[in-house]
Amino acid sequence: MTEVYAFDFDGTLTTQDTLLQFIRHAKGTAAFIGGFLLFSPLLILMKLHLYPNGKAKEKIFSFYFKGMEISDFQACCDRFAEDRKDLIRPQGWNMLRKAVNAHAIVIVVSASIDNWVRPFFNDFPEGSIRILGTQIEVTDHRVTGHFLTSNCYGKEKVKRIQEILKGKREDYDITAFGDSRGDQELLAYANTGFYKPFRER
């Protein structure tokens with residue numbers, strides 16, 4: 001069987017949610033706090049499971065980044081990954097590197113926007129890690145504020161992995177790592193699942 005390692009990003013390979021950290025990095029603390037105060041009723045509904053997670057995230061993303069030139073947005077994503085390497089969990093990074101060195105199929109599957117997830121892995125050989133994140137819509141070189149794909153959360157993570165693995169499910173031995181409700185389906189789909197791994201002892 002072909003070995004596959006699937007890693008959630010936020011909270012699993014990182015110590016914090018990178019959406020929040022990216023907004024603060026890109027827009028500053030004052031704008032970050034102001035925006036989340038504005039959206040606090042919506043966030044409460046989301047936490048109570050009365051409003052879809054993906055729609056809430058899309059509204060917040062649109063508020064901060066709609067109309068931005070994609071080149072400027074990507075440059076901001078690149079700077080964020082370079083400046084915030086402290087977010088990475090060393091034990092998770094070591095496991096990721098071992099999987100790459102073993103020539104396994106290595107996938108990072110995340111609800112975060114892949115524009116800022118991908119640059120965190122620039123030091124790895126090109127093509128050695130597949131990044132499956134939420135993708136954003138761009139029209140006339142500007143961020144529209146909408147998502148091009150479904151929010152990569154829950155069942156969507158399994159769907160996205162199935163789209164890139166060819167052949168039968170039994171052809172793959174999948175090891176998955178996750179830390180939240182959004183990873184439950186991924187962990188259940190794997191042959192071996194690890195919940196909240198890579199915590200420092």
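Me: Which residues does threonine 12 touch, leaving out those up to four places away in sequence?
Reply: Arg89, Phe177, Gly178, Asp179, Asp183, Pro197 and Phe198. A contact here means heavy atoms within 4.5 Å. One caveat: this is a predicted model, where local features need pLDDT of at least 70 and side-chain atom pairs count only at pLDDT 80 or more, while totals for chains, interfaces and linings use all residues. Residues are numbered from 1 along each chain as its sequence is written, and side-chain values use heavy atoms, with hydrogens and water left out.

Me: Why is threonine 12 called buried?
Reply: Buried means under 20% relative accessible area, exposed means over 50%, and partly exposed is in between (1.4 Å probe, protein chains only). Threonine 12 has 0%, so it counts as buried. The residue sits in the loop between β1 (2–7) and α1 (18–27); helices (H or I, at least four residues) and strands (E, at least two) are DSSP runs, numbered from the N terminus.

Me: And what makes proline 125 exposed?
Reply: Its relative accessible area is 53%, so proline 125 passes the over 50% mark. Proline 125 is in a loop too, the one between α7 (114–117) and β3 (129–134). From cysteine 77, proline 125 is 48 residues away in sequence and 20 Å away in space, C-alpha to C-alpha.

Me: What about cysteine 152: how far is its sulfur from the closest cysteine sulfur?
Reply: It's 16 Å, again to cysteine 77, and therefore too far for a bond. Cysteine 152 has a relative accessible area of 0%, so it is buried. The structure holds zero disulfides.

Me: Zooming out, how do you know that the radius of gyration agrees with a compact globule?
Reply: The radius is taken over C-alpha atoms, and the globule rule is 2.2 Å times the number of residues to the power 0.38. For 201 residues that rule gives a value near 17 Å, and the protein has 17 Å, so the two agree. The C-alpha trace spans about 50 × 40 × 35 Å along its principal axes, and 48% of the 201 residues count as buried.

Terms used: Disulfide = S-S within 2.5 Å.
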